[in-house]
Amino acid sequence: MRRVTGLILAGLGAFLIAAAVLMVTYLPGQVVKLPLHEYLVTQLVGHNVSYFSAAKVKPITGATMVVTSTTKSDDRAGNSDTAVWNTFTYLYDTTNHQRFSFSIRRFAFDRKTAELVQCCGASIDGNTHIRQSGLPGLLWPIGTGKHSYRIFDPGMNRTATARYAGTSSVGGIRVYKYVEKVPPTNIGTQKIPASLVGLPGNKEVTLPETYSATNTYFVDPDTGAQLNQIEDSHLALTDPSTGAERLLLLDASLTNTPRSTATVVKIDQDARRKLNLLTFVLPLTAGLAGLVALVGGILLARPRRHEEPGYTGKHESEPVLDPAV
């Protein structure tokens, strides 16, 4: 019975050790994924913002701009491989109490790589012809690396490169910093009265709309969560002949409010605990328990001395010394 118990215990130990190895090498890639379900409200704030007010038909300076983004997942459209999220973004001037703009974005992404995928009615302000590719800009892959990533920029509805720029800390969590730099880029045209841009006449003129930005993202490399961001953006209408700026549409430097950062950090800390449990605590516990069970089982399974073949129960006689020696 003792031998049978030892063999069972040794088998259990070997199983636990194998399970621990699988938890480290195989299970994370199958189980650890970006969330399917999401509901999050975050805010960016910028001070001393300049923009052109369509409501007042004049430039505004020195304003405080608050950008509120509400992200809600479409769980029915998502599955084990793909998540679908909707984001409503609202820009409001709290100094002059007026709306600047709003946008609605629907996007789908791979839950392992965080790469955007074209499906599920992905769109920008209802336009499904805009191709969203790269990373969403709200979250990054689990195990984010120290290298550049392609990221979708809703400011120009195109993909740009975010380059790794070192480490920092947000809420006590070590983060990787990525910087996206967009040179002045033509993103379309607008028709406006000629008088607004200092041109003679009352007719409308069509001018190129130019966007430039330097966006900095602070990402937890373990979870892929974006804990903070700084958006320095400049939007203007330019002269088609000279490229000179004719009308400033927006000049703002925006960053997460402290409350939004605290909210995201709290969510990320919970995700880090779960990830640590799955990838470290459980494998370590299973491995140590397996090692103890394996060693104990082997010791129990070994036959006792009286059970060894050829054992008679008699002690071997000691050698007799020859007195003549």
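**Entry 1. Hairpin of β7 and β8**

I began with the hairpin of β7 and β8, where four residues lie between the strands and Asn157 takes a positive phi near 55°. I note that the model is predicted, so that local features need pLDDT of at least 70 and side-chain atom pairs count only at pLDDT 80 or more, while totals for chains, interfaces and linings use all residues. Residues are numbered from 1 along each chain as its sequence is written, and side-chain values use heavy atoms, with hydrogens and water left out.

Strands here are DSSP runs of E with at least two residues, helices are runs of H or I with at least four, and both are numbered from the N terminus. Two strands pair if DSSP finds at least two bridges between them. I found β7 (residues 149-153) and β8 (residues 158-170) to be antiparallel and joined by five bridges. Asp153 stands opposite Arg158 in β8.

**Entry 2. From β8 to β9**

I then followed β8 to strand β9 (residues 173-193), with which it pairs in the antiparallel sense over seven bridges. Two residues separate these strands in their hairpin, and Gly171 in the turn has a positive phi of about 60°. Val170 stands opposite Ile173 in β9.

**Entry 3. Strands β2, β3 and β4**

Strand β2 (residues 58-73) runs antiparallel to strand β3 (residues 82-93), and nine bridges join them. Val67 stands opposite Leu91 in β3. I counted 12 bridges between β3 and β4, again antiparallel. Trp85 is placed opposite Phe107 in β4. In the hairpin of β3 and β4, with four residues between the strands, His97 has a positive phi near 55°.

**Entry 4. A nonpolar surface patch**

I looked up Phe102, which lies in β4 (residues 98-110). Phe102 counts as partly exposed because its relative accessibility is 41%; buried means under 20% relative accessible area, exposed over 50%, and partly exposed in between (1.4 Å probe, protein chains only). With Phe88 and Ile104, Phe102 forms a nonpolar patch on the surface, with about 270 Å² of accessible area together. Patch members have over 30% relative accessible area and no salt bridge; nonpolar side chains (Val, Leu, Ile, Met, Phe, Trp, Tyr) are joined within 5 Å and like charges within 9 Å. A salt bridge is a side-chain nitrogen of Lys or Arg within 4 Å of a carboxyl oxygen of Asp or Glu. Areas come from the Shrake-Rupley method with a 1.4 Å probe, and for residues only the protein chains shown count as cover.

**Entry 5. Thr223**

Thr223 sits in the loop between β10 (204-219) and β11 (226-238). Thr223 counts as buried because its relative accessible area is 11%. Its side chain makes polar contacts with the side chains of Asp220 at 3.4 Å and Asp268 at 2.5 Å. A polar contact is a pair of N or O atoms within 3.5 Å; within protein, one must be able to donate a hydrogen and the other to accept it, and residues adjacent in sequence count only if both atoms are side-chain atoms. Beyond four places in sequence, the contacts of Thr223 (heavy atoms within 4.5 Å) include Leu34, Trp140, Ile142 and Arg272.

**Entry 6. Gly134**

I placed Gly134 in the loop between β6 (123-124) and β7. Gly134 is buried, with a relative accessible area of 8%. Leaving aside neighbours within four places in sequence, Gly134 is in contact with Ala114, Glu115, Leu116 and Arg150.

**Entry 7. Whole chain**

The protein chain has three helices and 12 strands. Of its 325 residues, 39% count as buried.
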